[in-house]
Amino acid sequence: MVRLKARYLLCEVCMSERSMLRLLEEKDIFQAVKTAVTTAHGQYGLALFNIGSAVRYVNAYTGVVMLRFRKAHYQLLWSALPFITSIWKQGQRVPCFFNCIHVGGTIRTCQKFLIRYSRQQLFRMLPHCKTEAEKQQVRKAVLSCSLNQLRQDDDDDDNDDYDDDNDDDDGK
Amino acid sequence: MSGAKDRMRHKKMRNQPSNMTYSSSQEFPNGEGSGGSAGQGYSRSQHTKGPSGYGQSQQASGWVRGRQDGPVPRDEVLPKYITASMFAKARAAEVNSMLKAVSKTTGSSHVFGALPKHMRRRAMSHNTKRLPRRLRELADRMLEKSHHAGQKEKKEQSKTKSRRARRRHGNLLLEFNRRQRKNKWLETHIWHAKRFHMLKKWGYCLGERPTYKCYRASYRAMSSGCLLQDMSYYCCLELWGPEEQLMSALSRLTSKDTGPTFAAVLCVSGQREGNTLLYKADQYPHQPMGPAQFLWRPRNAESSLRQLWIWVHPTIKQELLSELQVVCQCFEAVSPPPSETPVEAGPSDQPSAPASSDLKSEPQHPGKKRKREGDGKEDKPAKKILGDGTRSPMTPVSWRSAENDIVINDLSMEIVRYRLIGPLSHAVLTETLLPATNTEIDIESTSSFWWPQHCKNKDSMSLHKQQADVFQLLKGVNSTSELPAGCVLGLTVDDPRLTLPKKRVTAALDLQAAQDVDEEQRRDLTLRGVPAPCAQTALWDQDVRDNVTNNRVLEQEMNKMKRELLVPGSRLPVFPQSRVPILLVHQAGKQQGEERRGWGSGWDLLLPKGWGMAFWVPLVYRGVRVGGLQMSLKHSQNKCLPHFPHEFPDCPAGVRFQEEQEVELLNKFKRRPPAKRTNYIKHGCLAPFRCPWQRLTEEWEKIVKQDGEEGKLQSAEMEGVISQSGEDTPPTSAFTVLRSRKVLRQLSVWSKPSSARNSRVPRGCLPTPLLNTASAMELQAQWRHCLVWVRVCVLGKGLPTLHTMLCVPTAEDLQQLRKDPRSIGPKEPRHKDHLQHLLKRRSKRRKASPQFPASEKDEGTPAAVNKDSSSSSAPKDNQDSVVTSTHPNLSTSISKGAESAVESSSATDLSDSCKEYVRGLWPEPLPSVSSHCSRVTLGWVTQGDFSLATGNGEALGFVSLTGLLHMLLSQPADQRGSVLVRNPTSLQYRYARLHVEA
């Protein structure tokens, strides 16, 4: 297909103070990346950044961010990411760094990776739990997402669900 | 558009995860969620569009986190540490949302959006077979849905039934009954609807004219054959009571001036049907209601009560009914059927009586019946509606008086009335109808039908014999017009369907029969009319009517019996139930004027309801033509009688008719593009769609008064008359139409040229006073604001149309006519459309600067241009242009002051009225209607057409009485009654002669 191809960078924002993660917002991240690119690559980098770059997804609870760049020059922009050391939030400087965990061609592949990655993290977390309560909680979380997966599969087979959705849409 | 786009995007993104952030703007109340214990300090902002599909389960499980109050105290609220469980939950939630995003397809809502691209095929949405089988079912459902979406609006329940089902008898009847709820149908409706252009008028569905070409043929039928009309839409009101009480009550509604009233001797005996004009009680000569036909039942030996039928047009029925209730003091509504009226105190011991009441009440609520059928009670088949289908069963049809013995019954739609017009109508009747035969049989046997019981009575039998003899005598009459006007013949006849000819035949005079008839008896009939007792008929009795109506042999049964005849085509035997009482009423032909006397006479055939089609088809099979409303209009026009709603502009019904006509004509006019319309302003036609009669009469009074003061023609006593008249009558009163016979006769003589008057003196006329100023003034003083109904015959070419102007010719015009009788007549100079300039300028100005008010200064220029043309000039210099406006050769001195007053008043609000100005029409405040053109307007035409009888244009219209007298006085004796006519769409005046019909 003829289209403008993009690369999606799935990054984790790691903050030294975890609680500050809540401040994460789309426009702040965008600004941070922009300044980093400008400092690293100057006007040229800024110009490249201005074409088709976007923040596609932000999760303030897990710190997962999805950035979108053009495929033609994503490497140049990517190279600027390690230079982000802080995010400016309402006049506050929040120290952080970006950890790129995946580079994908579509959002979908990134999502798939994220599922795998998060699950892996959960599994990895389970043996490190210190208290029984914690363990229970984590186990429950793990179970919930795996059970959900089963249910989702069921939904896919059952097409009625789809139809009903449609009806609702018409009603709106 | 954007809405649709949004929806598309929404659909696409509904499964995509949205951003999960702490938003400063949103605030969730604590403990709102189902999680309860977990405060939801967690809020979501959706920076990407689309709903949050993000983890409902996650919210339910809750987060152990404080409530967030706002952006500023964030530091306090934010937790200082995180727990593993929190961390895990955040991960789990994210995974869930991502899972959803990944597993659900994005893209459009189509099924094949889920398909990989390489599996997509052309026209998959059309042909689901191109889809893989697992998706087919879903796609089918989608397809069906999309089909339904288009048809959602239309609820075509009837269309679901096939035509065959819809045309099935029961269903068809239901449908017919439904359609009759709004407008009443006559019994011949289906017959007419197949052949006529139908109109919904006066609450009825009436045939206007046939769809085939028969205008001339219908005229020929009227003048030499027979034309049939269904007049059942005329309403019949029945009055019961002692004769004196009825007379005293009814005399308040009529006046002897207008001709015979209810008390006319011949009519009271029941021998003749009378015509009269009804006024509101004690209001003569003001507030007329309309014409009525009335018929007294011949005196009965047993009862002192008299019965009277008053037939009126449906538009005045309610009015008359309320008026009758007032004059008879009948306010007590008698409860409607089945108890029926107290009138039928006669023998109700007939076994069919309960059935009849059942039948009667049944068709009166078709709506209920339908509903009942809808509920599932299929056992009760639909009944054909007989009579009034729109009336609710609760409406009272009968009123009784508390003080006297008068009872009023509303018999509309109870009696069918057919009108046969033409010299051969009696021949058609004698051929169609057969007086009831074999009266002697089964006298001793009891029967539920009325006729065998009737036969037991010796008197009624002898009467029947007498009536049958008279009816036989009719065969010998050459023309219907030979009979005396309005004579009535009651009769009992066999079912005419029994003698239905196989093919349509043309009725002709039976000369053989004419010779057979005794010459003496025939002369007696034509001179004295039908003897009074013969007018008696059983049709007057309610129970007989009901009996006949309910025991009618259906067409279906008749056909069945015909099929079972041993010899096909032979005549059916007469059934006991197939005797129908009828009433034949003679209708007079043309009685006024000199030429074509007796034209258009005929018979009215009155039948009990339900028998309409049984008589209609046999009549049609006798070769009559059938006419509609158009023909009844032409009939009265040729008969020189005013036609009811059209030529009664002073009646409420006539006013209503005029309003409707105006709207109709105006809409027709507006349908044309402005450039293709007639510019009535240029033609000097002020009121092309509606005649301002009131203005006309008032203006003429003014003109004559001014004339009298200025001219100094009269002697002192004349002035006295004027001043007297000016004092004793109120200055403004509604105009009336002059209907006093005496005055009309006088006018008729005056309006004839002197040579013609010598040749023929009108019969039975008192020696009329000679036309002079004194007598004219006297008449004017007596009859103020009066219109005279006149007939106008065009002398040469020219065809007057609707609202043609009748104008006073000037002295030069008359001289021209005398010199050359074939001269075409003067021409009206073209008027200037001053509003055109106004309109153009307005539009221009609006374009330039809309807020700038219209300046009056530059209006002088167009006015200067059209100064020579006529009085229609620009409003600015109205005052001085008026002087030049009246034509120099205008002999009659018009009241200039009055005119200018009118015009100046109109000029002031001319600019206002320009807003609703229709191009080509004068805006509302009209200038002087009478003296707007070069010839003074006398009146307007209400019916104008080419007369097939005389071969040139003829018109009926009204003129102002004052104006007419004024004109007659100013004309030389041998040219009296000459007028000019000018069509609204032309500038050419034509000479015409004016006749006052009396």
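Reply: Happy to; below, each label is set beside the rule behind it. This is a predicted model, in which local features need pLDDT of at least 70 and side-chain atom pairs pLDDT 80 or more, while totals for chains, interfaces and linings use all residues. Residues are numbered from 1 along each chain as its sequence is written, chains are lettered from A and ligands numbered from 1 in the order in which they are written, and side-chain values use heavy atoms, without hydrogens and water.

Me: Why is Gln325(B) called buried?

Reply: Buried means under 20% relative accessible area, exposed over 50%, and partly exposed in between (1.4 Å probe, protein chains only). Gln325(B) has 14%, so it counts as buried. This residue lies in helix H13 (residues 317–328) of chain B. Helices here are DSSP runs of H or I with at least four residues, strands are runs of E with at least two, and both are numbered from the N terminus.

Me: What does Gln325(B) touch, not counting residues up to four places away in sequence?

Reply: Its partners are Cys330(B), Phe331(B), Trp399(B) and Ile408(B). Contact means heavy atoms within 4.5 Å.

Me: What makes Trp693(B) and Phe958(B) an edge-to-face pair?

Reply: Rings of Phe, Tyr and Trp (its six-membered ring) pair if their centres lie within 6.5 Å; planes under 30 degrees apart are stacked, over 60 edge-to-face, and the rest tilted. Here the centres are 5.5 Å apart and the planes stand at 75°, so the pair is edge-to-face.

Me: Why do Trp693(B) and Phe958(B) count as buried?

Reply: Trp693(B) has a relative accessibility of 2%, so it is buried. Phe958(B), at 1%, is therefore buried too.

Me: Which residues touch the most other members of the largest nonpolar core?

Reply: They are Leu738(B), Leu747(B), Val788(B) and Leu964(B), in a core of 64 residues. Such a core is a set of buried Ala, Val, Leu, Ile, Met, Phe, Trp, Tyr and Cys residues joined through side-chain atoms within 4.5 Å. Strand E18 (residues 786–794) of chain B gives the most to this core, with seven residues. Leaving aside neighbours within four places in sequence, Val788(B) has contacts that include Leu738(B), Leu747(B), Phe958(B) and Leu964(B).

Me: How do you know that helix H23 of chain B is mostly covered?

Reply: Seven of the nine residues in H23(B) (612–620) are buried. Among them are Phe615(B), Trp616(B) and Leu619(B). Trp616(B) also forms one aromatic cluster with Trp191(B), Phe196(B) and Tyr418(B).
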